[in-house]
Amino acid sequence: MAIDCNRFCPEVRLCCQETEMTITRKDAKRINALGYSTSDYSHRVIGSFSELKNVDGHCYFYDPASKECKIYEARPEGCRWYPVVYHYTKRKCLGDDVCPASPNLTRTEIRNVCHKVRRLVEELRREAAHGESPC
Ligand code: SF4
């Protein structure tokens, strides 16, 4: 079960503006199955992670006219759990401070996805460490 953006954040979609969302090989495989090429929508960043590209200040997949994600059902896993993030120093999951909708998250919602967020962070770190990020 993912965070439902349409219920949780019907208008703002701040996370889709100047996005720094990281992607895994599994994300890229799922998105590429829709006909996209990894190099079109992602780039390699410091630390060897792969992130979504921005076009005109928003994510490659964001449609400013409809204010929706063009690949919502296939969006990266990080987008599915956002604004729940894993805080390494505090060793716990939190709502991201920069998201104005974070205060709307319940403890139950955070707890329900925390293990998935932690597993995703480990996967991203492992792929980056082995030079296996998707682009
Ligand atoms: S993939 Fe979709 S949900 Fe994720 S940042 Fe891009 S537009 Fe937003």
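**Hairpin, core and ligand**

Tutor: Strand 8 and strand 9 make a hairpin with four residues between them, and Arg-91 in the turn has a positive phi of about 55 degrees. Strands (E, at least two residues) and helices (H or I, at least four) are DSSP runs, numbered from the N terminus. This is a predicted model: local features need pLDDT of at least 70, side-chain atom pairs count only at pLDDT 80 or more, and totals for chains, interfaces and linings use all residues. Residues are numbered from 1 along each chain as its sequence is written.

Student: How many bridges pair strand 8 with strand 9?

Tutor: Four, in the antiparallel sense, between residues 84-87 and 92-95; two strands count as paired if DSSP finds at least two bridges. Val-84 has Gly-95 as its bridge partner.

Student: Which residues have the most contacts inside the largest nonpolar core?

Tutor: Among them are Cys-59, Trp-81 and Val-84, in a core of 22 residues. Such a core joins buried Ala, Val, Leu, Ile, Met, Phe, Trp, Tyr and Cys through C-beta atoms within 7 Å, buried meaning 20 or more other C-beta atoms within 10 Å of a residue's own, with C-beta atoms placed from the backbone.

Student: Which helix gives the most to this core?

Tutor: Helix 5, with five residues.

Student: New topic: which residues are closest to the ligand?

Tutor: Cys-16, Cys-59, Tyr-62, Cys-69 and Cys-79, out of 13 surrounding it, each counted if its backbone-placed C-beta atom lies within 6 Å.

Methods: Buried ≥ 20, exposed ≤ 12 C-beta atoms within 10 Å, placed from the backbone.
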